[in-house]
Amino acid sequence: MFKIVPWSEDLDLSSFYKDAEERGFTNNASQHMLVDCFRKENKWQTWILYYNNEAIGSVAAHSFDDVMGPNTFRVAARTCVFTDKLPQVSLRTKNQIITHQHATSQFLIPACLDWLPDGARAFITSNELEAGTQRLVHRIFGPAMEKSGQMKRVKEVFYRGANQTVWEIFPDRFYEELNKYPRWGSQKWLDEHVEYA
């Protein structure tokens, strides 16, 4: 069973951090990199994705007013998912991106968007760095989402030590597309995709 929970000091994430480091997710490999780096933001939150009580992913969101103005937030920061620990194959194909059949669209982005205050604008950043999945977001996810009207490329900025592309994500349009396709965690989806011993 999937669950996504806000980060707290009570969570034991030692195995998650170790696994993230071994997989090359350096931005998710410690509390310092995943959580503490956002503590100076006006508002922030990190979430942990669990499958069968094992931490398999993370995401963060934080205020973005220093770059995009008042009531703006950067979402889908520090996104990572250990796809081999999911109950189904997740290859990150263009079709899976368009139909939202991956954990990022099913759980991580909604956690961020649902957390936003009323009237807030949301942005995702991407870059060409090899760390984590940034190049995938930059070259495949962003353009696919822009083509369907869910995101729009806004500008290039130097942010957090790297040249980044800023994309605005439109929550209403995102949810409209997300809800066209099977939602993970629904009983119908679980019956079709999860094998029980």
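This is a predicted model: local features need pLDDT of at least 70, side-chain atom pairs count only at pLDDT 80 or more; totals for chains, interfaces and linings use all residues.

Q: Where does Thr-104 lie? And is Thr-104 buried or exposed?

A: Thr-104 is part of helix H5. To judge burial, you check the relative accessible area: under 20% means buried. Thr-104 comes out at 18%, so it counts as buried.

Q: What about Val-166: buried or exposed?

A: Val-166 has 0% relative accessibility, so this residue is buried. You'll find Val-166 in strand S7, which covers residues 162-169.

Q: Which residues does Val-166 touch?

A: Skip the residues up to four places away in sequence, and the list includes Phe-64, Met-68, Phe-123, Ile-124 and Thr-125. Lys-152 is also one of the residues touched by Val-166. Those two are 14 residues apart in sequence, and their C-alpha atoms are 8.5 Å apart in space.

Q: Now the aromatic rings. How many aromatic pairs are there?

A: Two rings pair if their centres lie within 6.5 Å. Counted that way, there are 12 aromatic pairs. Take Trp-47 and Trp-115: their ring centres are 5.8 Å apart and the planes meet at 85°, so this pair is edge-to-face. The pair also ties together distant parts of the chain, with Trp-47 in strand S2 (residues 44-51) and Trp-115 in helix H5 (residues 103-115), 68 residues apart. Both of these Trp residues are buried.

Q: Which residues form an aromatic cluster?

A: Phe-2, Tyr-51, Phe-107 and Trp-184 make up one cluster.

Q: Where does the charged end of Lys-43 sit?

A: Here you look for a charged side-chain end placed over a ring. The charged end of Lys-43 is over the ring of Trp-115, 4.9 Å from the ring centre. Arg-23 gives another case: its charged end sits over the ring of Phe-82, 4.4 Å from the centre.

Q: Last one: how many cavities of 30 Å³ or more does a search of the whole structure find?

A: A cavity is a space where a probe fits but cannot get out. The search finds 1 cavity of 30 Å³ or more, and the largest cavity has a volume of about 30 Å³.

Q: Which residues line the largest cavity?

A: The lining is made of Ile-97, Ile-98, Ala-144, Met-145, Ser-148 and Gln-150. Helix H4 (94-98) and helix H6 (134-147) are the elements giving two or more residues to that lining. By class, the lining has 4 nonpolar residues, 2 polar ones and no charged ones.

How values were computed
Residues are numbered from 1 along each chain as its sequence is written. Side-chain values use heavy atoms; hydrogens and water are left out. Rings of Phe, Tyr and Trp (its six-membered ring) pair if their centres lie within 6.5 Å; planes under 30 degrees apart count as stacked, over 60 as edge-to-face and the rest as tilted. Helices (H or I, at least four residues) and strands (E, at least two) are DSSP runs, numbered from the N terminus. Buried means under 20% relative accessible area, exposed over 50%, partly exposed in between (1.4 Å probe, protein chains only). A charge sits over a ring if NZ of Lys or CZ of Arg is within 6 Å of the ring centre and within 35 degrees of the ring normal. On a 1 Å grid over the protein atoms alone, a cavity is a set of points where a 1.4 Å probe fits but cannot get out, and a pocket is an open set with protein on both sides within 12 Å along at least five of seven lines; lining residues have an atom within 4 Å of a point. Grid points are joined across faces, edges and corners, and a volume is the space filled by probe spheres set on the points. Ala, Val, Leu, Ile, Met, Phe, Trp, Tyr, Cys and Pro count as nonpolar, Asp, Glu, Lys and Arg as charged, and the others, Gly among them, as polar. Contact means heavy atoms within 4.5 Å.
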